[in-house]
Amino acid sequence: MSTTASSRRDGPERSEPEVPGGPVIELENATKRFRSAGGVHTAVRDLNMSVGPGEFVAVVGPTGCGKSTTLSLVSGLEPASGGRVLVQGRPVDGIPDGIGYMFQNDAVLPWRSVLDNVAAGPRYRGASRRAARERARDWVVRVGLEGFEGYYPHQLSGGMRKRVALAQTLVNEPSVMLMDEPFSALDVQTRGLMQDELLRLWSGSGAAVVFVTHDLEEALVLSDRVVVMTAGPATIKSVFDVPLDRPRDAEEVRLTGEFLDIYREVWDSLREEVQITRERGAGHAA
Amino acid sequence: MPRDAEAAATIEKEPAARPAGGDGGERAAIARARTAGLRRALGINTVRIALVAAWLGSWELAARHWIDPFYYSMPSKIWDRLVGWFTDGTSQGSIWEQIAVTLEEAVIGFALGSAGGVVLGIVLGRSRFLSDVCAPFIKAVNAIPRIILASLFIIWFGLGMQSKIATAFVLVFFAVFFNAFQGAREVDRNLVNNARILGAGRLQVLWTIVVPSATSWILASLHSAFGFAIIGAIVGEYTGADKGLGLLINHSQGTFDAAGIYAGMIIITVLALLAEYLLTLLEGRLLRWRPAASGHDIQI
C-alpha cells in the first residue's frame, strides 16, 4: 500500500527545509489532470512518495499508465492539478534547481557536435564558452566518448547518443535525476551496457534517481526501491525494497537467486495491473 | 556522404577508423565502382547536350523553313541580340547597368523581405495567442494577388527603385514568413523541454533551439524566395520604370522584337541560377550537421 512508500523516513520535516538527510523529493496526494478532446482525463491521482538523497528509486507500471507524468510533475515541466510536490523541501514552481532529466526520445541537439551538446547546460547557466567546453570535455571522456567530440549526433549509434544525453545531464551535477525509460529504444546488449554505465556514473554522484521503466528486470537491476503503479489513472500500488548488494554488475546480478526471488514478488503485484491494461486494450480493439 | 552511414556502424569502438582499402581485391572493386560512376555521369551529360542540340537545331531549322521568325524568333537571332546587347549596348543604355539595377532591386527586396518574414514568422510561430489573433488577416492578405500591388507601389513610390523593391519585398515576405512560421511551430517539444531542464531561459530557448530548428525550413523557402524577388523586380519594372531588365523586355515587346524578349529571359535565368548556386552553398554551410540526403548515394 501507499503507506509503505515513506515507511523508512516517515514524518517529513517540512518546517526545516534542506535538512541533510531529509527527502529530496516528496509527493503528497499529487494529482494531474489533462484537458483532452473527450473532457478531462486524470493521468495520476493521489501520489504519495518520498525519495531520499542518493537513493535510486525505480517506478514500474503498465504501459501508458502515467509514469512519465509523475516525472514531469517533479521536474516542474507540468504543474500539479492537486496535492503538493516538493523538491528539496520547496514546492515546485517552475523548474527546480539541481534537476536533471533524461527523456525517452533523443533530446540531443542534432545541429551541435557531441562536445557542444554536452556543453549546453553550463552555457545556459552562464559559463563562458571555454569553461563550458572544458567541463564538457571531461564528461565526454567519462561517458566513454573520447575521440568523438567533433561528431554530430546523426553520425553516432543509438547507444552513443544515449551516452551524449547522459553526459549532457550529468555535466550540470544534478542532485535529482529523473529518467524516463531512457534505454527503452536500445537493443538488449546495448541496454545492459548502458545500465552498467549508469550505475558506475551514479555511484560517485550522490544524486537521487527516479527511473521510470516498464521493464521490471531493468528496475530491479538498477534500484534500491521499486514503486509499482496501478493501471491508469495511476496511483502507487506497492513499494518493494531491493535487497541486492552494490556495486552490482548489471549483466550478472540478474542471474542470482535473490534477484529471482524479488522479481517473483514484485511481478505478482505488477501482473494484475498489466492484465487490467491488457483487457482495456482488448476492449478498445473489439 | 557515404562516410556518415559507415560511421554509425563502425565507429562504436574505434574512433575515426575508416576501413581503408584493405587487400587488393577490395581496392580493385572500389576502382571498378568508381569508373562505373564516372561512366554514368558522362552518359547523363551526353544525353543532356544532345537534347539541347536537338531542341535548338529543330527550332532554327523550323524558323528558317516553315514558321515565321518574326513572331517566333530563332536561336541564331537571339544569340545575335545577346551579343549586340553586350557589345553595343541596348536601347536603354549599357546592358550591365540594366542588370545591376534589376539585381539591386531584387537583392534589397529579398534581404528585407526574408528578414521580415523570418522575424515575424518565428514570433507568431512561438506565440499561440498572437498567431490566433493574426490568422484571419494573414490568410486574407495572402489571398490578394500580390502582383497587382506593383501598380499601387508605382503610384506610391514613383518610377524609381523603391516601387520595385516594395514589390519584391511583398512577394518574398510571404514565401519566407509561412515557412518560418511552420518551422517555429514544429520545433520538437522534447528539445525545448530538455533545454529548459538544462537551464535555458526563454530567449536562450528561442535562440539555441527554435531558430536552428526552423533554419532548414527557412532555407528551403529562400530558394524560391530569390526567384520571387527577381519576379517582383521585373514585374515592377515592366509596370513602369526608367531602367532595368523588365523595361528592356517591355521595350522589346513594344517594338515586336521577339528575340529581345528571349534574350532578356535568358539573362534573367542565368542570374536566378547563379543566385540559386550561392544559396545552395550557404545552405550546405549552415546545415552541415544534417545527414546527407539518402537519395544522393547511388547503390552499387
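**Figure 1. Two domains of chain A in the predicted model.**

**Figure 2. Contact between domain 1 and domain 2 of chain A.** Domain 1 of chain A brings 18 residues to this contact. Domain 2 of chain A brings 14. On the domain 1 side, β7 (176–180) and α6 (188–203) of chain A each provide at least two residues. That side of domain 1 of chain A, facing domain 2 of chain A, has 12 nonpolar residues, along with 3 polar and 3 charged ones.

**Figure 3. Contact between chain A and chain B.** Chain A contributes 26 residues and chain B contributes 20. On the chain B side, the elements giving two or more residues are α1 (2–10), α9 (189–198) and α10 (202–239) of chain B. The most comes from α9(B), with 8 residues. The side of chain B that touches chain A holds 12 nonpolar residues, 5 polar and 3 charged.

**Figure 4. Two domains of chain B.** The assignment for chain B places domain 1 at 1–67. Domain 2 of chain B runs over 74–290. Between the C-alpha centres of domain 1 and domain 2 of chain B the distance is 33 Å. From the chain A contact, α1 (2–10) of chain B falls in domain 1 of chain B. Both α9 (189–198) and α10 (202–239) of chain B fall in domain 2 of chain B.

Notes. Residues numbered from 1 in each chain as written. Chains lettered and ligands numbered in written order. Predicted model: local features only at pLDDT ≥ 70, side-chain atom pairs only at ≥ 80, totals over all residues. Domains from an automatic or database assignment. Contact = placed C-beta atoms within 7 Å. Helix = DSSP H or I, 4+ residues; strand = E, 2+ residues; numbered from the N terminus. Nonpolar A, V, L, I, M, F, W, Y, C, P; charged D, E, K, R; others polar.
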